[in-house]
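Dear colleague,

Please find the structure below, handed over for your review. My findings follow directly after it.

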Amino acid sequence: MQTRDELTHMIVHDLRSPLTLVTGYVDILEQMASDKLNPDEAECVTGAKQGADDMRDMITTLLDVGRLEAGEMPLRLQDHDLAEIARKAADRFTPVLRDRTLRCEMPPEPMVVSCDADVIRRILENLISNALKFTESDGTIRINLERKGADVTISVSDNGEGIPRDQHEHIFEKFGQTNSGRQHRHSTGLGLAFCRLAVEAHQGKIGVQSEPGKGSTFWFTLPTRNQSGVNYAGNTQPAHFERIG
């Protein structure tokens, strides 16, 4: 297993250079020919750019999963308002909502935690992206924040097709997937693995509540107090925390 993971890591790492070239040339084509392409041609260029961006994101996620598993991904801890992070994550999906609704349900007071804002934003973007995959037209996705004791709970809910209970424990594993046809076609099974490892690196917990036909709620918790220096959950490597400010 270790040899396979090391080989996968090397191959994926080496894919970055040619992918950077592809992305660069597509960007140049888009800039130079934007006013010369007909709508169909422009759509092809946009599709190529989106495909390259998606592949770059998959490569980044796979490499980060490996770094998190090894305890080698440093967290830049700083006090942040989780509500602000959640709003920024939600705003990125405004162009692709179409007939769906994305609601942010948050208390009026700030919810400040010590965290790596970029990592928490990526967790939320993964969960929102998953919710969009399962939400049909006129559906609603909700992001909710609430304080529970010393922790803050963040949840992303949809009213999609739901997930059978016997699959709940596997979907957070690396390359884990549900039997849903839509999920199987469009997922590498890495996004939720990244979410689990990143949440645990912050000394939080993650889970899902779902059943077929009743939608899904993915949730995770973060401690409101600074716990820097604690080991990554699930391995014996020391966590790398860098306190900023």
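Read along the sequence, the protein chain runs α-α-β-α-β-β-α-β-β-α-α-β-β-β, with six helices and eight strands in total. Helices (H or I, at least four residues) and strands (E, at least two) are DSSP runs, numbered from the N terminus. This is a predicted model, in which local features need pLDDT of at least 70 and side-chain atom pairs count only at pLDDT 80 or more, while totals for chains, interfaces and linings use all residues. Residues are numbered from 1 along each chain as its sequence is written, and side-chain values use heavy atoms, with hydrogens and water left out.

Of the 245 residues of the protein chain, 42% count as buried; buried means under 20% relative accessible area, exposed over 50%, and partly exposed in between (1.4 Å probe, protein chains only). Among contacts (heavy atoms within 4.5 Å) with a separation of 6 or more, 72% join residues 24 or more positions apart.

Helix H6 (residues 191–201) is largely enclosed by the rest of the structure, because 10 of its 11 residues are buried. Phe194, Leu197 and Ala198 are among the buried residues. After H6 comes Gln203, with a positive phi near 65°.

Val119 lies in helix H4 (residues 117–134) and counts as buried, at 5% relative accessibility. Beyond its neighbours within four places in sequence, Val119 is in contact with Met73, Leu75, Phe194, Ala198 and His202. The C-alpha atoms of Val119 and Ala198 are separated by 7.1 Å, although the two residues are 79 residues apart along the chain.

With kind regards
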